[in-house]
Number of protein chains: 2
Amino acid sequence: MTTRWLSPEEQRAWRAYMAATHLLEDAMDRQLQQDAGMPHLFYSVLANLSEAPERRLRMTDLAETVKITRSRLTYAVTRLERDGLVRREDCRWDKRSSIAVLTDEGMAVLERAAPGHVETVRGTLFDRLTPAQVGQLEEIFTSVARGLQDEAPEAGTGDVPWRRRSSCPSSQPPPASS
Amino acid sequence: MTTRWLSPEEQRAWRAYMAATHLLEDAMDRQLQQDAGMPHLFYSVLANLSEAPERRLRMTDLAETVKITRSRLTYAVTRLERDGLVRREDCRWDKRSSIAVLTDEGMAVLERAAPGHVETVRGTLFDRLTPAQVGQLEEIFTSVARGLQDEAPEAGTGDVPWRRRSSCPSSQPPPASS
DNA sequence: TAGATTTGTTTCAAACTTGAACCAAGAGTC
DNA sequence: GACTCTTGGTTCAAGTTTGAAACAAATCTA
């Protein structure tokens with residue numbers, strides 16, 4: 001199969017995407033390092049926790065929502081825990097799992113940092129887009145993310161998308177599948 | 001000024017973008033590490049060099065085109081040089097500069113890796129987009145990149161966009177501005 | 001032209017990421 | 001219940017990134 005190279009349009013799109021992505025991540029990291037003393041990724045961890053029921057999530061689920069590896073998350077949570085922004089708890093129903101919980105201090109830090117962060121996201125991204133483009137952005141990357149998602153799950157296991165993950169994060173025990 | 005939070009549409013777009021971006025970069029890194037023994041960034045360095053006149057570029061210009069910091073590039077080039085894919089040369093016109101040159105072996109490695117890389121870019125991104133979306137992608141990120149570009153240049157210097165960079169990369173001396 | 005400033009690049013230590021290996025606990029099988 | 005397989009999480013060493021500091025060569029200025 002001879003390679004189907006990128007068309008000129010695709011090339012331009014790809015280059016623009018990569019350039020903007022590097023610049024965007026740099027801007028986010030700079031701002032958050034400045035205002036909250038942490039890289040963007042760590043902020044995302046806090047943000048995702050803050051929206052979970054009871055502000056708690058199993059490590060694996062958290063890694064899944066943030067789209068990073070478990071080991072990367074382990075590092076992040078260890079650091080955030082050292083700083084008192086997150087706490088680890090054991091899961092009562094599955095002794096293997098550990099639950100990351102956003103502490104009050106973590107919530108406070110998050111709330112202090114959020115306005116600046118949003119400001120940066122606006123200034124670098126949304127202020128430059130028309131409402132239509134916001135929609136296009138969502139459509140494009142939702143579809144891309146979905147594609148990459150459904151690929152990963154250990155090769156062709158007839159993986160059923162609904163009913164996965166026994167989820168311990170809430171204070172309720174799992175649905176008692178017996 | 002009370003914070004203007006993101007609208008639901010913007011939130012969705014931002015999340016989708018971040019998720020897809022993490023997944024995309026992971027996919028690129030995995031594929032290139034696998035097939036070429038280097039992370040995506042290093043591949044980009046080689047690729048950009050291969051397109052420069054005489055396959056050579058000043059470190060600063062290279063960093064600028066790849067959109068990374070100079071120190072990050074120093075590391076990358078050092079590694080690529082150790083592997084014989086890139087060579088450093090001194091600039092005759094400006095003894096401070098060093099020029100990164102793509103070696104024949106570097107070109108060969110690049111050519112071997114390119115098909116797989118393009119395949120990945122297609123499979124993860126372009127195969128999921130309509131031609132219209134490719135255009136939207138380009139427009140959105142071109143404008144974002146431009147915005148972030150024009151911000152960086154040391155605050156409000158009446159920086160003239162044309163006639164910047166004395167450029168030594170070619171074998172010609174600079175335009176003799178005297 | 002000495003002195004001050006800017007520009008191009010590297011260095012270095014601390015921080016972060018990767019991926020394979022490891023450990024423990026839940027599930028499935030006989 | 002012993003065996004095997006899978007799942008949840010961490011560990012560890014090697015690799016990469018960051019940002020401030022250090023250098024050296026150009027450029028500017030009086």
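Across the interface of chain B and chain A in this predicted model, 14 residue pairs are found in polar contact, with both partners at pLDDT 80 or more. On the side of chain B that touches chain A, helix H1 (8-36), helix H2 (40-51), helix H5 (104-124) and helix H6 (131-149) of chain B each supply at least two residues. The most is given by H1(B), which brings 17 residues to that side of chain B. Sorted by class, the side of chain B that touches chain A holds 30 nonpolar, 14 polar and 13 charged residues.

Charged side chains also pair between the chains, and the count between chain B and chain A is six salt bridges. One of them joins the side chains of Arg15(A) and Glu51(B), with a distance of 2.9 Å from N to O.

Taken as a whole, the contact draws 57 residues from chain B and 57 residues from chain A. The size of an interface is often given as the accessible area lost when the parts come together. For chain B and chain A this buried area is about 5500 Å², and 67% of it lies on carbon and sulfur atoms.

Within chain A, the axes of helix H3 (residues 59-66) and helix H4 (residues 70-82) come within 9 Å and cross at roughly 105°. Because angles of 65 to 115 degrees count as roughly perpendicular, H3(A) and H4(A) are therefore roughly perpendicular to each other. Their contact is made by Met59(A), Thr60(A), Leu62(A) and Ala63(A) on H3(A), and by Arg70(A), Leu73(A), Thr74(A) and Val77(A) on H4(A). By class, the contact of H3(A) with H4(A) comprises five nonpolar, two polar and one charged residues.

Notes
Residues are numbered from 1 along each chain as its sequence is written. Chains are lettered from A and ligands numbered from 1 in the order in which they are written. This is a predicted model: local features need pLDDT of at least 70, side-chain atom pairs count only at pLDDT 80 or more; totals for chains, interfaces and linings use all residues. Side-chain values use heavy atoms; hydrogens and water are left out. Contact means heavy atoms within 4.5 Å. Buried area is the accessible area (1.4 Å probe) that two parts lose on being put together, summed over both. A salt bridge is a side-chain nitrogen of Lys or Arg within 4 Å of a carboxyl oxygen of Asp or Glu. A polar contact is a pair of N or O atoms within 3.5 Å; within protein, one must be able to donate a hydrogen and the other to accept it, and residues adjacent in sequence count only if both atoms are side-chain atoms. Helices (H or I, at least four residues) and strands (E, at least two) are DSSP runs, numbered from the N terminus. Ala, Val, Leu, Ile, Met, Phe, Trp, Tyr, Cys and Pro count as nonpolar, Asp, Glu, Lys and Arg as charged, and the others, Gly among them, as polar. Axes are lines fitted to C-alpha atoms, for helices over the stretch in contact, and angles run from 0 to 180 degrees between N-to-C directions. Angles under 35 degrees count as roughly parallel, over 145 as roughly antiparallel, 65 to 115 as roughly perpendicular and the rest as oblique.
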